[in-house]
Amino acid sequence: MKTTIIVLQIIVSILLIAIVLVQPSKTDGLSGLMGGTSDTFFAKNKSRTSEAVLSKATVVLAVIFGALAIAQNIVK
């Protein structure tokens, strides 16, 4: 049981790292400094973009990672 939890935690951690690295940065760079606005289709429909899917997947994997860490301490 302990080995299974450790293997699952390693898999979840690798997936979590990969998803975080794939996400685009949320900074505006210099366009935010000059008062540029982002009134694009993607700015208006953020919940339907791949960025939103990656964000939700990050939260789900982080919760799973935390639950596995707690389970690993309980199984000791």
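The chain holds four helices and zero strands. Helices (H or I, at least four residues) and strands (E, at least two) are DSSP runs, numbered from the N terminus. From that terminus on, the elements run α-α-α-α. The model is predicted: local features need pLDDT of at least 70, side-chain atom pairs count only at pLDDT 80 or more, and totals for chains, interfaces and linings use all residues. Residues are numbered from 1 along each chain as its sequence is written, and side-chain values use heavy atoms, with hydrogens and water left out.

Of the 76 residues in the chain, 17% are buried. Buried means under 20% relative accessible area, exposed over 50%, and partly exposed in between (1.4 Å probe, protein chains only). The chain exposes about 6,000 Å². Carbon and sulfur atoms supply 70% of that area. Accessible areas come from the Shrake-Rupley method with a 1.4 Å probe; for residues, only the protein chains shown count as cover. Contacts were also sorted by separation in sequence. Among those between residues at least 6 apart, 91% join residues at least 24 apart. Contact means heavy atoms within 4.5 Å.

Helix α1 covers residues 2–22, 21 residues in total. From its first C-alpha to its last, α1 reaches 30 Å, close to the 30 Å expected at 1.5 Å a residue. The expected span of a helix is 1.5 Å times one less than its number of residues. Helix α4 (50–75) has 26 residues, which should span 38 Å at 1.5 Å a residue. The end C-alpha atoms of α4 are 37 Å apart, which agrees.

The buried residues of α1 are I5, Q9, V12, S13, L16 and I19. Seen down the axis of α1, these residues fall within an arc of 135 degrees, so they line one face of the helix. The arc is that of the directions from the helix axis to the C-beta atoms. An α-helix has 3.6 residues a turn, so residues three or four places apart point the same way. The face of α1 turned away from the buried side carries the exposed residues T3, I14, I17, L21 and V22.

Helix α4 is included in what covers the buried residues of α1. In α4, the buried residues are A52, L54, T58, L61 and L68. These buried residues of α4 pack against α1.

Individual residues show how the two helices meet. Q9 lies in α1 and counts as buried at 12% relative accessibility. Leaving aside neighbours within four places in sequence, Q9 is in contact with F65, L68, A69 and Q72. Q9 and Q72 are 63 residues apart along the chain, yet their C-alpha atoms are separated by 9.0 Å.

L68, in helix α4, is buried at 13% relative accessibility. L68 touches I5, L8, Q9 and V12, not counting residues up to four places away in sequence. From L68 to I6 the C-alpha distance is 8.1 Å, across 62 residues of sequence.

L16 belongs to helix α1. L16 is buried, with a relative accessible area of 18%. Beyond its neighbours within four places in sequence, L16 is in contact with T58, L61 and A62.

V75 is found in helix α4 and counts as partly exposed at 32% relative accessibility. Neighbours within four places aside, V75 is in contact with K2 and I5. V75 and I5 are 70 residues apart along the chain, and 9.1 Å separates their C-alpha atoms.

I6 sits in α1 and counts as partly exposed at 33% relative accessibility. I6, I10 and I14 form a nonpolar surface patch, with about 260 Å² of accessible area together. Patches are made of residues with over 30% relative accessible area and no salt bridge; like charges are joined within 9 Å, and nonpolar side chains (Val, Leu, Ile, Met, Phe, Trp, Tyr) within 5 Å. A salt bridge is a side-chain nitrogen of Lys or Arg within 4 Å of a carboxyl oxygen of Asp or Glu.
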